[in-house]
Amino acid sequence: MSQDIIFHQLFERETSSYTYLLGDPKTKEAIIIDPVVEMVDRDLKLIDELGLKLKYVLDTHVHADHVTGSGEIRKRRQGVQVCLSSTYQTPCPDVHLNDGQELEFGSIKVKAFSTPGHTEGCMSYLIGNKIFTGDALLNRGCGRTDFQGGSANKLFESVRGKLFELPEETVVYPAHDYKGLSKSSIEIEKKFNPRLNLDIQKEEFINIMDNLNLPDPKKIHEAVPANMLCGMPSKSEHMDTQFVHGVPTVSASEVSKKLGHLKVIDVRTKEEFNNELGHVPASLLATLGDELDVALEQVDKSEEVVFVCRSGMRSANATIMALEKGFSKVYNMEGGMIRWNELNLSVEKDMGGS
Ligand SMILES: [Fe+2]
């Protein structure tokens with residue numbers, strides 16, 4: 001019976017996000033699912049009021065619309081472990097979850113189901129008769145599939161092939177609700193979900209998802225890189241670091257002072273590398289795309305890496321890409337080689353990089 005578990009559904013208004021706190025009444029061990037960084041004070045206060053001992057923080061996925069509170073909670077509660085799908089190649093979680101993996105708090109079991117589609121790494125968590133679906137299945141809806149490795153085809157398989165195979169009375173608790181419905185059930189969603197009810201065929205669903213034309217979430221540029229690091233992107237130990245749209249950013253003058261102690265990767269083309277702007281002395285050329293992918297495989301993740309391009313745009317994308325690959329000490333050089341030249345810093349031309 002549900003009285004055998006402590007259960008609180010918590011809400012964050014700005015992004016309509018749900019956070020769930022669950023505890024074992026006997027041992028007081030607890031978990032929290034999808035905390036939001038701005039609400040961590042509230043969540044920890046409630047945990048203390050209830051006398052709970054937090055064991056795990058579980059994120060259903062790398063969110064694009066808000067910054068997770070997982071890293072902040074781990075910092076403030078010793079011994080808490082952050083759990084995220086192993087699909088994301090980031091070193092930040094303590095537990096990298098695989099499909100079917102189980103965790104325990106007290107005598108209560110959590111089973112992780114891989115439910116990709118909204119993002120490649122989405123997980124749903126089954127606890128007793130409750131399924132926490134993240135953005136895979138919402139109350140009468142589903143998460144979008146147009147970024148972060150999303151796929152309408154995969155989402156259809158995840159919902160219809162996995163979630164809808166659960167007992168019909170299973171209660172559905174999503175990561176968001178925009179309609180004021182706090183929960184649903186597998187039975188209700190099979191009947192009334194306008195995108196995924198049992199009368200809808202896969203092609204129809206893909207067509208619906210391909211034509212949503214939604215704007216990007218407001219916080220996407222800040223949230224995705226931050227969430228690859230459990231919501232806590234790090235500042236450089238050696239350089240003054242700002243977060244510009246969530247991207248760790250350093251100035252050209254900071255980089256010039258620390259040359260020799262950093263790896264500088266120029267992500268422009270070979271022609272640009274040797275054009276009139278030149279390049280940062282001793283920088284490595286690895287053009288954004290496949291070439292940079294390959295180059296990063298050779299880079300030690302404990303080293304500080306600064307990305308450079310012409311004006312700072314491509315290098316910001318390179319920084320996000322590196323964060324997504326699990327690098328934590330990567331920075332964008334603001335203003336690129338244009339700024340570097342404005343400051344009359346020394347450049348190299350027509351050498352290296354090939
Ligand atoms: Fe999401």
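Which residue does the side chain of Lys162 meet in a salt bridge? The legends below take up this pair and then other close-up views of the predicted model.

The model is a prediction in which local features need pLDDT of at least 70 and side-chain atom pairs count only at pLDDT 80 or more, whereas totals for chains, interfaces and linings use all residues. Residues are numbered from 1 along each chain as its sequence is written, and side-chain values use heavy atoms, with hydrogens and water left out.

**View 1. The salt bridge between Lys162 and Asp99.** The side chain of Lys162 meets that of Asp99 at 3.2 Å, N to O, a salt bridge being a side-chain nitrogen of Lys or Arg within 4 Å of a carboxyl oxygen of Asp or Glu. This pair links distant parts of the chain, 63 residues apart, with Lys162 in helix H3 (residues 152-162) and Asp99 in the loop between strand S6 (95-97) and strand S7 (102-105). Helices (H or I, at least four residues) and strands (E, at least two) are DSSP runs, numbered from the N terminus. Lys162 counts as partly exposed at 28% relative accessibility, and Asp99 likewise counts as partly exposed, at 47%. In these terms buried means under 20% relative accessible area, exposed means over 50%, and partly exposed lies in between (1.4 Å probe, protein chains only).

**View 2. The salt bridge between Glu272 and Arg314.** The closest N and O atoms of Glu272 and Arg314 are 2.9 Å apart in this salt bridge. Here too distant parts of the chain are linked, since Glu272 belongs to helix H8 (residues 270-273) and Arg314 to helix H10 (residues 313-324), 42 residues apart. Glu272 is buried, with a relative accessibility of 17%, while Arg314, at 27%, is partly exposed.

View 3. Within the pair Glu72 and Lys75, the closest N and O atoms are 3.5 Å apart, and because the two residues are three apart in helix H2 (residues 70-76), about one helical turn separates them. Glu72 counts as buried at 17% relative accessibility, but Lys75, at 55%, counts as exposed. A search of the whole structure finds 24 salt bridges.

**View 4. The disulfide between Cys92 and Cys230.** The structure holds one disulfide, a term that here denotes a pair of cysteine sulfur atoms within 2.5 Å. In this disulfide Cys92 is joined to Cys230, with an S to S distance of 1.7 Å. Cys92 lies in the loop between strand S5 (81-85) and S6, and Cys230 in the loop between helix H6 (220-227) and strand S13 (242-244), so parts 138 residues apart in sequence are tied together. Both cysteines are buried, Cys92 with a relative accessible area of 13% and Cys230 at 2% relative accessibility.

**View 5. The cysteines Cys83 and Cys122.** Cys83 is in no disulfide, and the nearest cysteine sulfur, that of Cys230, is 9.8 Å away; Cys83 is buried, with a relative accessible area of 0%. For Cys122, the closest cysteine sulfur is in Cys142, at 11 Å, which is too far for a bond, and Cys122 is buried with a relative accessible area of 2%.

**View 6. The two domains of the chain.** Domain 1 (2-210) and domain 2 (234-342) divide the chain, with bounds that come from an automatic or database domain assignment. Their C-alpha centres lie 35 Å apart.
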